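The questions below are for a reader who is meeting this structure for the first time. Each answer works step by step towards the value or name that was asked for.

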Amino acid sequence: MEARQGARVRRVVELDPQRAEAFEILGILYDVSGFDKAALEAIEMALSLDPTNERTREIYNEMQAKYANLAETAPAAADSPELSESEP
């Protein structure tokens, strides 16, 4: 994950932990960075904050299917993303 993107989204989550969109974006960033568990947890948090968001529900379903397939074919990916907290 690009450190700046991750740090900025984490900052938004810290400032407004009720913002479902921030958790959704964080989940997507974790997903593309290979942090399966963190990605799913962030998307689950987004859904708990806004259970009517169909886009988030679709992302969640896609991640569950993807990770189920990965678990069958490869060892588990890293669970904890390392984000730089520094900003330029």
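Q: In which helix is the place of V9?
A: This is a predicted model, in which local features need pLDDT of at least 70 and side-chain atom pairs count only at pLDDT 80 or more, while totals for chains, interfaces and linings use all residues. Residues are numbered from 1 along each chain as its sequence is written, and side-chain values use heavy atoms, with hydrogens and water left out. Helices are DSSP runs of H or I with at least four residues, strands are runs of E with at least two, and both are numbered from the N terminus. With residues 3-15 forming the helix in question, the place of V9 is in α1.

Q: Is V9 buried or exposed?
A: A residue counts as buried under 20% relative accessible area, as exposed over 50%, and as partly exposed in between, with a 1.4 Å probe and protein chains only. The relative accessible area of V9 is 12%, so V9 is buried.

Q: Which residues is V9 in contact with, leaving aside its neighbours within four places in sequence?
A: Contact means heavy atoms within 4.5 Å. The C-alpha atoms of V9 and E24 are separated by 9.8 Å, although these residues are 15 residues apart along the chain. Once the neighbours within four places in sequence are left aside, the contacts of V9 are A22, I25, L26 and L29.

Q: How many helices does the protein chain have?
A: Read along the sequence, the protein chain follows the pattern α-α-α-α. There are zero strands in the chain, and the number of helices is four.

Q: At roughly what angle do the axes of α2 and α3 cross?
A: Axes are lines fitted to C-alpha atoms, for helices over the stretch in contact, and angles run from 0 to 180 degrees between N-to-C directions. Helix α2 covers residues 20-32 and helix α3 residues 36-49, and their axes come within 7 Å. Angles under 35 degrees count as roughly parallel, over 145 as roughly antiparallel, 65 to 115 as roughly perpendicular and the rest as oblique. The two helices are therefore roughly antiparallel to each other, and their axes cross at roughly 160°.

Q: Which residues does A46 touch, not counting residues up to four places away in sequence?
A: A46 lies in helix α3 and is buried, with a relative accessible area of 1%. Between A46 and L26, which are 20 residues apart in sequence, the C-alpha to C-alpha distance is 9.4 Å. Beyond four places in sequence, the residues that A46 touches are A20, F23, E24 and T56.

Q: How far apart in space are D36 and K66, C-alpha to C-alpha?
A: The place of D36 is in helix α3, where D36 is buried with a relative accessible area of 15%. D36 and K66 are 30 residues apart in sequence, and their C-alpha to C-alpha distance in space is 9.4 Å.
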